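Subject: Structure handover

Hello,

Here is the structure I said I would pass on. My notes on it follow below.

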Amino acid sequence: MDTRGIASPQESARGCSSMAGATMNSRRLRDFVVSMTSLVRDGSDERSILAGGVPLLAALVADDDWLPDTYAAAHPDHYQQYLLHCDGARRFCVVSFVWGPGQTTPIHDHGVWGMIGMLRGGETGERWGFDAAGEFGRHGATRLEPGMVERVSPRLGDVHRVSNAFEDRVSISIHVYGADIGAVERRIYDEAGTSRPFVSGYANAELPNIWGRGTEI
Ligand SMILES: [Fe+2]
């Protein structure tokens, strides 16, 4: 397995203490959004954003008690992409990716920096791309376990295919991108390297309310 770009829970945050199905704790996502907003406000450099963002995302996915069931629901036929938050200046967004058993993405790119934090289950990420001879192919794979974070970007490697590591259960990862990713024109590739444009959109029409702090004040 290729481990480039992956931070282990031990390296980036406290270890996973998964509690799938526990009471929603929206404070975790709210604190993450507040911290990411400060991070992108203080600088637009990809390296510094990823350096600061990886431990924040690792801390978010270290606990599995905050994602509302609405945004953790699998579709029987294809993976789901639920928008959880979009920065007002579109400097970043937070998305839950939900894979039903055996589901996979097409080979695709992003065009912007991204972080993938594993929340529940597991996923396999295959890196694809063109080599020096212009041949398109697969250049390794990574496996993410809960609490781990992977990075993607045009600088680090931007083309991949992601699959649920399990054939018998749902897996969920939390993605953060340097744009309103659902509105970005990206590309899908076949295994020969032929590509076509796509815009992913989102599965949900409403966002989770992470600002209901009345009972906390
Ligand atoms: Fe991706």
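Does Val61 count as buried or exposed, and why? Val61 counts as buried because it has 29 C-beta neighbours inside 10 Å. The terms are set as follows: a residue is buried if 20 or more other C-beta atoms lie within 10 Å of its own, exposed if 12 or fewer, and partly exposed in between, with C-beta atoms placed from the backbone.

Before going further, some notes on the source. This is a predicted model, in which local features need pLDDT of at least 70, side-chain atom pairs count only at pLDDT 80 or more, and totals for chains, interfaces and linings use all residues. Residues are numbered from 1 along each chain as its sequence is written.

Confidence: pLDDT is the predictor's confidence in each residue, from 0 to 100. Its mean over the protein chain is 89, and 87% of the residues reach 70 or more. Over residues 10-23 pLDDT stays under 50.

Overall make-up: the protein chain has 3 helices and 12 strands. Helices (H or I, at least four residues) and strands (E, at least two) are DSSP runs, numbered from the N terminus. Of the 217 residues in the protein chain, 38% are buried. Two residues are in contact if their C-beta atoms, placed from the backbone, lie within 7 Å. Among contacts between residues at least 6 apart in sequence, 78% join residues at least 24 apart.

Back to Val61, which lies in helix H3 (residues 46-61). Leaving aside neighbours within four places in sequence, Val61 is in contact with Gly117, Met118, Leu119, Pro146, Gly147 and Ile174. Its C-alpha atom is 9.2 Å from that of Arg28, which is 33 residues away along the chain.

Helix H3 itself: the 16 residues should span 22 Å at 1.5 Å a residue, and the end C-alpha atoms are 21 Å apart, which agrees. The expected span is 1.5 Å times one less than the number of residues. H3 bends by about 30° at Gly53, and Pro55 follows within four residues. That bend is the angle between axes fitted to the seven residues ending there and the seven starting there. Buried residues in H3 include Ile49, Leu50, Gly53 and Val54.

The core: a nonpolar core is a set of buried Ala, Val, Leu, Ile, Met, Phe, Trp, Tyr and Cys residues joined through C-beta atoms within 7 Å. The largest one has 43 residues, and Leu57, Leu60, Val61, Cys93 and Val95 touch the most other members. H3 gives the most to this core, with 9 residues. Val95 touches Gln81, Tyr82, Leu83, Leu84, His175 and Ile181, not counting residues up to four places away in sequence.

Strand pairing: two strands pair if DSSP finds at least two bridges between them. Strand E11 (residues 186-189) runs antiparallel to strand E4 (residues 107-108), joined by 2 bridges, and His108 has Ile188 as its bridge partner. E11 is also antiparallel to strand E12 (residues 195-198), with 4 bridges; here Arg187 stands opposite Pro197. The hairpin of E11 and E12 has 5 residues between the strands, and Gly193 takes a positive phi near 95° in it.

Arg90 counts as partly exposed because it has 14 C-beta neighbours inside 10 Å.

Regards
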